[in-house]
Amino acid sequence: MAAAAELTLLEKSLGLSKGNKYSAQGERQIPVLQTNNGPSLTGLTTIAAHLVKQANKEYLLGSTAEEKAIVQQWLEYRVTRVDGHSSKDDIRALLKDLNSYLEDKVYLTGYNFTLADILLYYGLHRFIVDLTVQEKEKYLNVSRWFCHIQHYPGIRQHLSSVVFIKNRLYTNSH
């Protein structure tokens, strides 16, 4: 999904009126937002953080210094590791790492829903939608997290719903 489309989804989920115009620059189509009263903002995470502040929902950026750092870490992860990677091996490695990380967490920062969850959900949607039932079971923690985020009010919007079965088809013991 193009970054401009993601930012439009984010605007809507934050309750902002559609008024922002996005353009893209360069080969990698990096989003640019021209603000009304200042310089243009460049980059998915920069613009997303600006929208969160515009919506007066700063809690989505983290409530403690540690949580804010974790949100930044995952926003950076989204741009450096998820965007631009489309080989099956890259995606498998990414999902394996994320699956391990989410083993004891509800959200990326632990127990609080943040902008990092929203943007990683949007970034991973195109990959998760194509996973087989067996692959979803293999990445059980990612599947749990993804299912939870897609049911969060206002997040999924027009994106296709990804179906997760509640009972495991296969067990690890043979």
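**Close-up views of the predicted model**

**View 1. Q157, in the segment that follows helix 7.** Q157 sits in the segment after helix 7 (140-150). The model shown here and in the other views is predicted. Q157 is not a glycine, yet its phi is positive, at about 50°. Is Q157 buried, partly exposed or exposed? Its relative accessibility is 24%, so Q157 counts as partly exposed.

**View 2. N56, in the loop between helix 2 and helix 3.** This loop joins helix 2 to helix 3 (65-82), and N56 is part of it. The phi of N56 is positive, about 55°, although N56 is not a glycine. N56 is exposed. Its relative accessible area is 60%, and the cut-off for exposed is over 50%.

View 3. Strand 1 covers residues 22-25 and strand 2 covers residues 30-33. The two strands pair in the antiparallel sense, over four bridges. Y22 has L33 of strand 2 as its bridge partner. A24 faces P31, also in strand 2. Four residues lie between the strands of this hairpin. In the hairpin, G26 takes a positive phi near 80°.

View 4. Strand 2 and strand 3 run antiparallel and are joined by two bridges. V32 stands opposite T42 of strand 3. L33 stands opposite L41, also of strand 3. In a regular strand, side chains alternate between the two faces of the sheet.

**View 5. Helix 3, its buried face and its cover.** Helix 3 has 18 residues, and at 1.5 Å a residue it should span 26 Å. The end C-alpha atoms of helix 3 are 25 Å apart, which agrees. The buried residues of helix 3 are E67, I70, V71, W74, L75, Y77, R78 and V82. Seen down the axis of helix 3, the buried residues fall within an arc of 155°, so they line one face of the helix. An α-helix has 3.6 residues a turn, so residues three or four places apart point the same way. Which exposed residues does helix 3 carry on the face turned away from its buried side? They are A65, E66 and E76. The cover over the buried residues of helix 3 includes helix 1, helix 2, helix 4 and helix 5 (115-128). Just after helix 3 comes G84, with a positive phi of about 85°.

View 6. Helix 4 covers residues 88-101, and N99 lies in it. N99 is buried, with 13% relative accessible area. The side chain of N99 reaches the backbone nitrogen of V142 at 3.1 Å. Beyond its neighbours within four places in sequence, which residues are in contact with N99? They are K138, Y139, L140, N141 and V142.

View 7. H125 belongs to helix 5. Its relative accessible area is 7%, and H125 is buried. A polar atom of the H125 side chain lies 2.7 Å from the backbone oxygen of S160. Neighbours within four places in sequence aside, H125 is in contact with F146, L159, S160 and V162.

Notes
Residues numbered from 1 in each chain as written. Predicted model: local features only at pLDDT ≥ 70, side-chain atom pairs only at ≥ 80, totals over all residues. Heavy atoms only, no water. Pairing = 2+ DSSP bridges. Buried < 20%, exposed > 50% of the residue type's maximum accessible area, 1.4 Å probe, protein only. Polar contact = N/O pair within 3.5 Å; in protein donor to acceptor, adjacent residues only side chain to side chain. Contact = heavy atoms within 4.5 Å. Expected span 1.5 Å × (residues − 1). Arc of directions from axis to C-beta.
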